[in-house]
Amino acid sequence: MEEARPLLKKGYRSGKRNNKLQSLDIILLVILTSFAAAIILPFINVVATSFATQQEYLKTTLLLIPSTVTFENYKAFFADGRIWIGFRTTLLILGLGLPINMFLTTSMAYGLSRPDFPFKRFLVYFVAVTMLFNGGIIPLYLLMKQLHLINTIWSVVLVYGVNSFYLIIMMNYFTTLPISLMESAKLDGAGEWRILFKIILPLSMPIIATIILFYAVDRWNEWFNAMIFIRRGDLVPLQLALRSIVIDSQISAQMNVSNVQTEQFSQGMKMAAVIVTMLPVMFVFPFLQRHFVKGMLIGAIKA
Amino acid sequence: MENIIAEKKKASLIEKNQASLIRRIWKSRESYQLMLPGIVWYVIFAYIPMYGLFLAFKTYKANLGIFGSPWVGFVNYDYVFRDPAFMESVWRTLWINAGRILFEFPLPIILALMLNELRLGRYKKVIQTIYTFPHFLSWIIVSIVMINSLDTQGIVNGIIKMLGGHEVNFLGSAKIFQPLLYVTDNWKSSGWSMIIFLAAIAGIETEQYESAQLDGATRMQTMWYITLPGIKSTIVVMLILTVGNLMTAGFDQIFNLSNAATAKAGEILDMYIYRVTFQSAADFSFSSAVSLFRAVINLALLLFADRVCKWLGSEGLFPSAKKSVRT
């Protein structure tokens with residue numbers, strides 16, 4: 001009987017069924033590949049447009065490879081000052097925000113992952129409730145006004161301090177670590193903060209890296225809060241700079257408003273702007289990809 | 001006599017419990033210390049704004065702040081419900097979201113099931129990478145990419161013309177706007193949502209598949225009888241969360257994709273709130289009233305969906321949350 005099993009499996013794999021299954025494989029392959037193509041083609045189109053001349057863009061609607069490659073679009077785009085302000089602001093938000101995000105999230109996640117302390121359940125709900133219910137933008141705006149943070153970079157930095165979802169992913173990861181480690185460190189006289197920094201963090205590098213990258217991408221994409229809280233021209237984040245260069249001029253073009261900027265920015269330059277804004281995320285993404293399936297597995301399903 | 005003794009015992013027990021609670025709190029003071037910065041952040045930036053929703057029942061006076069402004073009862077709601085644009089935006093939001101559940105919710109599940117069945121391991125990873133990438137871009141970038149592709153000069157119209165069709169004005173038509181929302185959102189996020197279902201599929205025990213194989217089940221059968229039931233609880237949780245957001249319909253997407261021609265078709269509740277708060281003469285009490293209305297309906301729908309799922313025999317949203325608390 002013991003030997004019958006592998007035999008049966010072998011027969012299953014090389015038997016008549018295999019052919020039938022292959023047709024299913026081909027159907028799947030075609031469907032999945034065409035969806036992938038539908039995602040990639042617009043990007044290729046954007047890249048091609050950014051390297052093409054305005055004349056070529058206007059001539060062909062199926063632009064995938066420009067016949068003559070030009071860097072004029074990028075040059076002209078960088079000559080415009082707005083994008084530099086955008087870069088500066090976004091890097092400032094990242095530099096100030098990311099450490100705050102990570103400090104608040106790890107310390108709280110580790111605290112919550114400690115076994116049995118009074119009010120533990122209350123505190124987990126205290127965090128989880130914010131995922132289901134929030135005050136919305138108006139009270140937040142008024143709060144910022146009362147804290148005198150309007151029109152400062154701190155409004156954007158502080159308003160996104162902890163992401164409850166990431167916190168719960170992290171907390172679930174910490175609970176999978178063996179408790180004996182922390183107990184023995186405690187016997188050696190280490191406090192919780194030391195345990196967190198010296199023992200827990202080195203052991204949790206995969207999840208830490210994932211959450212850092214999540215926060216970094218979120219910060220890079222930050223625009224809504226900045227649009228609401230900051231009305232100063234010299235503190236426009238990258239995404240809003242991009243928006244004002246591309247979408248606003250698109251709208252005025254559609255409405256036939258005579259606008260200097262519309263004439264100034266060809267489609268190629270707009271797409272160059274998109275590429276430049278997108279590039280860092282594209283570089284970070286492969287590192288993200290490696291970890292997040294694991295992270296989701298640990299965090300999302302349990303939560 | 002016995003009663004008195006029992007009562008005394010009880011009292012001393014309670015005292016002991018109280019003492020031990022304090023002792024336990026003192027013992028875990030370091031845990032609280034760890035959480036303190038986070039708790040402070042939550043109180044200031046999450047819970048005070050929740051209190052701020054009480055502005056719905058106050059008249060906002062800038063010099064008095066949220067806490068000091070005087071109460072006025074339901075006066076603001078009187079104004080809210082008299083604004084025809086408000087009810088219109090409510091119905092439009094619900095209508096758009098009903099479509100989202102129909103046209104956006106199933107796709108990640110289908111993609112996950114298909115990708116799970118695909119046998120080419122390395123290609124699978126490539127595909128997964130491609131699918132999830134757009135999720136990490138902001139709606140501003142995605143909108144620009146979409147506007148570029150769907151423009152009359154864009155690549156989609158190029159393909160249509162190549163196949164002998166007529167040029168379609170995807171972006172400037174109020175009729176196409178709603179399908180446009182579904183297509184672009186699927187384009188951006190279905191791959192990311194797929195990951196959650198793939199993770200759930202990975203959690204199914206392999207023994208189940210092995211025994212099904214031994215019983216001679218076809219792949220369609222294993223998919224239908226093992227994979228799908230295996231991720232049922234995940235599907236239910238995701239559905240509850242979706243239903244709990246019926247009153248929120250993707251501000252970022254609509255704000256960046258709509259233009260003068262499609263503005264009316266995209267006037268959802270979030271856009272309405274944004275407009276009355278920041279574009280016309282700002283009346284914070286009025287928009288708070290709208291916000292509170294939305295938040296309460298969302299929460300009620302969430303709890304309702306959770307109840308329905310439990311009633312249908314599923315785990316629902318909260319028992320799993322409790323479980324993770326206990327561990």
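A:Asp25 counts as buried in this predicted model, at 15% relative accessibility, where buried means under 20% relative accessible area, exposed over 50% and partly exposed in between, with a 1.4 Å probe and protein chains only. B:Arg119 sits in the loop between helix H6 (106–117) and helix H7 (121–132) of chain B, while A:Asp25 belongs to helix H2 (residues 17–51) of chain A, so the pair joins two chains. Helices here are DSSP runs of H or I with at least four residues, strands are runs of E with at least two, and both are numbered from the N terminus. The pair is also part of a network of salt bridges linking A:Asp25, B:Glu117, B:Arg119 and B:Arg219.

Over all chains, the structure holds 17 salt bridges. One of them joins the side chains of A:Glu72 and A:Lys75, at 3.6 Å from N to O. Both residues lie in helix H4 (residues 72–79) of chain A, three residues apart, or about one turn of the helix. An α-helix has 3.6 residues a turn, so residues three or four places apart point the same way. A:Glu72 is partly exposed at 48% relative accessibility, and A:Lys75 is exposed, with a relative accessible area of 56%.

Helix H7 (residues 137–146) of chain A is mostly covered, with eight of its 10 residues buried. The buried residues are A:Ile137, A:Ile138, A:Pro139, A:Leu140, A:Tyr141, A:Leu142, A:Leu143 and A:Met144. Within chain A they pack against helix H8 (153–159) and helix H13 (224–229). From chain B, helix H2 (29–52), helix H3 (65–68), helix H15 (269–279) and helix H16 (284–311) also pack against them, a contact being heavy atoms within 4.5 Å. Just after H7(A), A:His148 takes a positive phi of about 60°.

Turning to chain B as a whole, there are 17 helices and zero strands. Its radius of gyration is 26 Å, well over the 20 Å that the globule rule gives for 327 residues, so chain B is more spread out than a compact globule. The radius is taken over C-alpha atoms, and the rule is 2.2 Å times the number of residues to the power 0.38. The C-alpha trace spans about 100 × 70 × 35 Å along its principal axes. Of the 327 residues of chain B, 49% count as buried. Among contacts between residues at least 6 apart in sequence, 64% join residues at least 24 apart.

Residues are numbered from 1 along each chain as its sequence is written, and chains are lettered from A and ligands numbered from 1 in the order in which they are written. Local features need pLDDT of at least 70 and side-chain atom pairs count only at pLDDT 80 or more, while totals for chains, interfaces and linings use all residues; side-chain values use heavy atoms, with hydrogens and water left out.

Technical notes: A salt bridge is a side-chain nitrogen of Lys or Arg within 4 Å of a carboxyl oxygen of Asp or Glu.
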